[in-house]
Amino acid sequence: MKLLSTDLSPFAGRVRAQIYAKGLSIEIAEPNPPLRSDGFKASYALGKIPVLLLEDDTYLSESSVIMHYLEDIHPEPSLRPTRHIERAHMGLFQAFADNHLRDQLFPLFALLMNPKGGTDPNTAIKAMTTEFGKFDRQLAEIPSHETRNLHIGDIALAMTMYFALAVPAVFGGKNLLTDFARLSGWWEWVKTQSGVDKALAETDIAFKEIGNGN
């Protein structure tokens, strides 16, 4: 199998972190034809990464689909809880990343790519902080990360969380987790988890290259 990935994609980063955490022997490569090219779009129906190339010459798209597939075919070490309620709690992490943080990131990413855009960064940063507050309250209602093992929900949120903090920081929005002890504690914990730490380091290098104009 081969994973088509770029270090700036939080969605591809999720699968890379999972591969690292589970110690899977899966090749990771940049897309060829390149992402967004006509050749890539012609080859892969959704036209986006990650793409997992399978041994029968078919492929899978969508990070959540790929991650659950890898858990199914490589159940050990498991990154999914066994109890139904724990799996439901796991789903809250990815849902927060995909249904809350992602929407707040779009205007800031657009401003990062086009500094003359009309988005007010302070408004966008305030909206991001509001979402952080919501999930901090959510964390009070479920078991703490201190009582469990890493799961794929943690991984999904961690890769989006990187950008939710790094992009606002470009516009002066630093220390956004100061008032949210539970979310801040989870973030400090997840950054140290095997596999997540490696994927985050790759993302950090790629993001800083943007700032350096490379």
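So, where does Ser61 lie? Ser61 sits in strand 4, residues 59-61. We'll come back to that residue in a moment.

Some ground rules before that. This is a predicted model, where local features need pLDDT of at least 70, side-chain atom pairs count only at pLDDT 80 or more, and totals for chains, interfaces and linings use all residues. Residues are numbered from 1 along each chain as its sequence is written, and side-chain values use heavy atoms, with hydrogens and water left out.

Okay, the overall picture. The protein has eight helices and four strands. Those words come from DSSP runs, numbered from the N terminus: helices are H or I with at least four residues, and strands are E with at least two. Reading from the N terminus, the order is β-α-β-α-β-β-α-α-α-α-α-α.

What radius of gyration does the protein have? The answer is 17 Å, and this agrees with the value near 17 Å for a compact globule of 214 residues. That radius is taken over C-alpha atoms, and the globule rule is 2.2 Å times the number of residues to the power 0.38. Along the principal axes, the C-alpha trace spans about 50 × 45 × 25 Å.

Now the surface. The accessible surface is about 11,000 Å², and 51% of that belongs to carbon and sulfur atoms. These areas come from the Shrake-Rupley method with a 1.4 Å probe, and for residues only the protein chains shown count as cover. Of the 214 residues, 46% count as buried. Buried means under 20% relative accessible area, exposed means over 50%, and partly exposed is in between (1.4 Å probe, protein chains only).

On contacts, meaning heavy atoms within 4.5 Å: among those between residues at least 6 apart in sequence, 71% join residues at least 24 apart.

Not counting residues up to four places away in sequence, Ser61 touches Leu46, Pro50, Val51 and Ile66. For a sense of distance, take Thr129, which is 68 residues from Ser61 along the chain: their C-alpha atoms are separated by 31 Å.

Asp57 lies in the loop between strand 3 (51-53) and strand 4. Asp57 has a positive phi of about 70°, although it is not a glycine. Buried or exposed, then, at 76% relative accessibility? Asp57 counts as exposed.

With a relative accessible area of 64%, Arg36 is exposed.

That loop also holds Pro33, between strand 2 (27-29) and helix 2 (38-43). Which kind of peptide bond joins Asn32 and Pro33? A cis one, with omega about 15°. There's another cis bond from Glu76 to Pro77, with omega near -10°. Pro77 is in the loop between helix 3 (63-73) and helix 4 (84-113).

Leaving aside its neighbours within four places in sequence, Asp136 is in contact with Phe180, Ala181, Arg182 and Leu183.

His145 counts as buried because its relative accessibility is 12%. Beyond the neighbours within four places in sequence, His145 contacts Gly185, Trp186 and Trp189. Glu146 is in the loop between helix 5 and helix 6 as well, but Glu146 counts as exposed, at 68% relative accessibility. Glu146 and Gly185 are 39 residues apart along the chain, with their C-alpha atoms separated by 9.4 Å.

Last stop, helix 6. Helix 6 has 19 residues and reaches 28 Å from its first C-alpha to its last, close to the expected 27 Å. The expected span is 1.5 Å times one less than the number of residues. How many residues of helix 6 are buried? It's 17 of the 19, so to speak a mostly covered helix. Just after helix 6, Gly172 takes a positive phi of about 95°.

That's my tour. Thanks, everyone.
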